[in-house]
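Welcome! Please open the structure in your viewer and get ready to select a few places with me.

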Amino acid sequence: MRRGLARAPRARDIDLVVVLGTDYHPGLQPFVVTDKRYATPRGELQSDPALVRALDRRLPWIRREEIRHREAMSLELAAAVLQHLYDGSCPPVLPVLCGPAAIELDEGGPVEAFLATMEHVLEDRRVLWWVTAELGHEGPAYGRPALTKDRAAALMARDQAVLAALADGRPDQLGRCCKDVPGLDPPSGTAALLTAARLFPVGYGAELVAYAAGRPVGADEGWIGLGGARFTRPVADDDDDFTPSSPRVA
């Protein structure tokens, strides 16, 4: 994982970090953005208020449930890591919470409108995409039934299939991997992972940096999968910073 972080683009080579995070609370809207600033041990991380206003003009619902950012742990963790990675000088961020309503595509609805709008407002920006999304976690440590060896093996196989579908740019396959495993709940990060796969440009590259699975910290039994991947824009482009020039919506 450290190897992947060490190869992140330099701060001067990117204009914006788009952070896609998991929303743990139910809501009516598929996505919520905010212009809040994040206090981290390495200093305050700035948002991009002008970009948030641009999204708000085009998608009047995009901030309607902004209170959901109040307990958005996935985004708080990302902010702390990014500010550490960039030595207190991280470029501005656009924090996006991805809720359960973002999982299914809705022809002409809010999900498709968000994908098209993001392509438009980010067209000329050099963007680093940062995704914080859980893979599998099961067992009493997470308030779920005890795991058998077979279920633990199924959990690991499902995690690896999800990561492979994401790396291959197959949001349709990724969605099936998340939902269609008997006896396992979908990963909490399904919405964020699917959103990333739909927003990344067609033909992007991917490298699995790390995957590990095992018991969580604490006395309660459980099993958790942890993975990290590094993504690059299509080989035909001049550098490896992301711009959403051609989002995937399959």
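In which helix does Met 73 lie? Select residues 73-85: this is helix H3, and Met 73 lies in this helix. Keep in mind as you look around that the model is predicted.

Together, Tyr 24, Met 73 and Leu 77 make a nonpolar surface patch of about 300 Å².

Next, select strands S7, S8 and S9. These 3 strands form an open sheet with antiparallel pairing, in the order S7-S9-S8. Strand S7 (137-138) and strand S8 (205-214) are at the edges; each has a single partner strand, so one side of each has no neighbour in the sheet.

Zoom in on S8 and on strand S9, residues 223-232: the two run antiparallel and are joined by 9 bridges. Find Tyr 211, and opposite this residue you will see Gly 227 in S9.

Now show residues 149-167, which are helix H5. Helix H5 lies across S7, S8 and S9, and runs at about 165° to S8.

**A buried threonine**

For the last stop, select helix H7, residues 190-199, and pick out Thr 190. Is Thr 190 buried or exposed? Thr 190 has a relative accessible area of 3%, and buried means under 20%, so this residue is buried. Setting aside neighbours within four places in sequence, Thr 190 is in contact with Ile 103 and Cys 178.

Definitions and conventions. Residues are numbered from 1 along each chain as its sequence is written. This is a predicted model: local features need pLDDT of at least 70, side-chain atom pairs count only at pLDDT 80 or more; totals for chains, interfaces and linings use all residues. Side-chain values use heavy atoms; hydrogens and water are left out. Two strands pair if DSSP finds at least two bridges between them. Helices (H or I, at least four residues) and strands (E, at least two) are DSSP runs, numbered from the N terminus. Contact means heavy atoms within 4.5 Å. Axes are lines fitted to C-alpha atoms, for helices over the stretch in contact, and angles run from 0 to 180 degrees between N-to-C directions. Patches are made of residues with over 30% relative accessible area and no salt bridge: like charges are joined within 9 Å, nonpolar side chains (Val, Leu, Ile, Met, Phe, Trp, Tyr) within 5 Å. Accessible areas come from the Shrake-Rupley method with a 1.4 Å probe; for residues, only the protein chains shown count as cover. A salt bridge is a side-chain nitrogen of Lys or Arg within 4 Å of a carboxyl oxygen of Asp or Glu. Buried means under 20% relative accessible area, exposed over 50%, partly exposed in between (1.4 Å probe, protein chains only).
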